[in-house]
Amino acid sequence: SSDDHVEIIEVGARDGLQNEKQAIPLETKIKLIERLAQTGLKTIEVGSFVSPKWTPQMANSSEILQHVLETPPQSPHPISYQFLVPNQRGFDNFLSTYSRLGYVSKSSNSEETAGYVANDKRLPSAIGTVDVSLFTAATESFTQKNTNCSISESLDRFRPIVTAAKALGLPVRAYISVALGCPYEGPVAPQNVSELAINLLEMGADEISVADTTGMGTPTTTRTLLKTLKAAGIEMPDIALHFHDTYGQALPNALVSLEYGVRKFDAAVAGLGGCPYSPGATGNVSSEDLVYMMESLGARTGVDLGALSEVGDWISHEVGRRNESRAGKALLAK
Ligand code: HMG
Ligand code: MG
């Protein structure tokens, strides 16, 4: 049944790499994306149209968008490719590449769709969708540090982007960072997260990624947050959970979420990652560990764990980091 299907949203190529100090060559990023696409994953986050002054590692996201659309990675299923967009300027940069490739055109009488109209050109069959991922946060301090604006300003920025993206056929996801603890403000009231989630869904976001940026979440606070979201009328199919493993709680938090009805989880191969604006936070939950646990529980992820483990080992080596996936390392040592 669809009930036992769990979707892994692979964020290694973006969240996983954005914090690396050494510039990672475009070819390495593309190789990573191509290898991930072959493992059975269906959703891969691959770039971020943020300011290169703020997050230099993501500066070549236009090239990644172009490469993926012109030379779609081979994959067993069509893949959704996701790109972070923080503001109108980032969306303009995204659209200018998208229009160069012929999917949209500039049009002067289309103010409500960011000055573009959709063309008839269809995406290559290997691509399911190209998605826009907005991001805000549950606390004012984090929103300021991460995007230099207040929470309400971030929502004002998003509204026209959501309208335009949807009119242009681009699904929209929205992150709520620091949902289970803030590096600047400490514990976060679950109500703040549910209000923000409702706001974003009402605006037209298709999915909310509820993110434990700092890894401060525990099974208890995760359960309380999910209970609050449910009580506020938020449906579990509309959310994904995004855990970081700073305190080693990512898998237990994912287990609690699964029991609560969550079926979508963000994760990064080899446990790569960290947010440059969340000091001390370590990587995402490792995709290999999450797949291993989910499959052991009878959930189907459709991911080839052996192949994914090899990708994790390869990329760790490429970026000069220890492979943080316990399951990945154990499987490769067999
Ligand atoms: P700002 O400095 O306030 O921007 O940054 P501004 O509007 O004042 O503009 C200043 C200059 O930047 C201008 O250029 C703009 O054109 C340019 P100038 O006129 O001086 O030459 N600019 C841009 N350039 C390229 N792309 C853009 C862009 N916007 C303005 N999009 C801004 C505001 C939002 C851009 C900045 O704060 C930013 O880029 N923040 C992103 C930081 C980031 O990358 N964080 C990590 C991603 S979020 C995350 O990791 C959490 C997540 O994984 C979930 C979780 O775990 O919690 C999603
Ligand atoms: Mg993250």
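The points below go through the predicted model in turn, from the annotated region and the ligand shell to individual helices, the core and some single residues.

1. Annotated region. An unreviewed UniProt entry carries the annotation "domain: Pyruvate carboxyltransferase", which according to that record covers residues 6–309.

2. Surroundings of ligand 1. The shell around ligand 1 is made up of 25 residues, of which Val50, Gly90, Ser177, Ala211 and Thr213 are the closest. Two or more residues of this shell come from each of helix H3 (88–100), helix H4 (140–147) and strand E7 (172–177), and H3 contributes the most, with three residues. By residue class, the shell around ligand 1 consists of ten nonpolar, 13 polar and two charged residues.

3. Helix H4. In H4, which is one of the elements giving two or more residues to the shell around ligand 1, the buried residues are Phe142, Thr143, Asn146 and Thr147. When H4 is viewed down its axis, these buried residues fall within an arc of 100°, and they therefore line one face of the helix. An α-helix has 3.6 residues a turn, so residues three or four places apart point the same way. The buried residues of H4 pack against strand E6 (127–137), helix H5 (151–167) and E7. Following H4 comes Asn148, which has a positive phi, near 60°.

4. Helix H2. The buried residues of helix H2 (residues 61–70) are Ser61, Ile64, Leu65 and Val68. Because they cover an arc of only 100° around the axis, these residues lie on the same side of H2. Among the elements that cover the buried residues of H2 are helix H1 (26–37), strand E2 (43–48), strand E3 (79–84) and H3.

5. The largest nonpolar core. This core contains 91 residues, and within it Ile176 and Ala179 touch the most other members. If residues up to four places away in sequence are set aside, Ile176 touches Thr136, Ala137, Ala138, Val193, Leu196, Ala197, Ile208, Val210 and Ala211; of these contacts, Ala211 is also among the residues closest to ligand 1.

6. Val172 in strand E7. Val172 is found in E7 and counts as buried because it has 22 C-beta neighbours inside 10 Å, where 20 or more are required. Leaving aside neighbours within four places in sequence, Val172 is in contact with Val132, Leu134, Val162, Ala165, Lys166, Gly204, Ala205 and Asp206. Ser152, 20 residues apart from Val172 in sequence, is 18 Å from it in space, C-alpha to C-alpha.

7. Ala114 in a loop. Ala114 belongs to the loop between strand E4 (104–106) and strand E5 (116–118), and it counts as buried with 20 C-beta neighbours inside 10 Å. Apart from neighbours within four places in sequence, its contacts are Phe91, Leu95, Pro160 and Ala164. Ala114 and Ala164 are 50 residues apart along the chain, while their C-alpha atoms are separated by 5.8 Å.

8. Val178, in the loop between E7 and helix H6 (190–203), has a positive phi of about 45° although it is not a glycine, and it is buried, with 30 other C-beta atoms within 10 Å. Ala270, in the loop between strand E10 (264–267) and helix H9 (287–296), likewise has a positive phi, near 65°, and with 30 C-beta neighbours inside 10 Å it counts as buried.

9. Ser287 in helix H9. Ser287 lies in H9 and is buried, with 35 other C-beta atoms within 10 Å. Not counting residues up to four places away in sequence, Ser287 touches Ile8, Glu10, Gly12, Ala267, Ala268, Val269 and Leu308. Pro219, by comparison, is 68 residues apart from Ser287 in sequence and 19 Å apart in space, again C-alpha to C-alpha.

Definitions and conventions: Residues are numbered from 1 along each chain as its sequence is written. Chains are lettered from A and ligands numbered from 1 in the order in which they are written. This is a predicted model: local features need pLDDT of at least 70, side-chain atom pairs count only at pLDDT 80 or more; totals for chains, interfaces and linings use all residues. A residue is near a molecule or strand if its C-beta atom, placed from the backbone, lies within 6 Å of it. Helices (H or I, at least four residues) and strands (E, at least two) are DSSP runs, numbered from the N terminus. Ala, Val, Leu, Ile, Met, Phe, Trp, Tyr, Cys and Pro count as nonpolar, Asp, Glu, Lys and Arg as charged, and the others, Gly among them, as polar. A residue is buried if 20 or more other C-beta atoms lie within 10 Å of its own, exposed if 12 or fewer, and partly exposed in between; C-beta atoms are placed from the backbone. The arc is that of the directions from the helix axis to the C-beta atoms. Two residues are in contact if their C-beta atoms, placed from the backbone, lie within 7 Å. UniProt positions are given in the numbering used here, feature names are shortened, and annotations may be inferred rather than shown by experiment. A nonpolar core is a set of buried Ala, Val, Leu, Ile, Met, Phe, Trp, Tyr and Cys residues joined through C-beta atoms within 7 Å.
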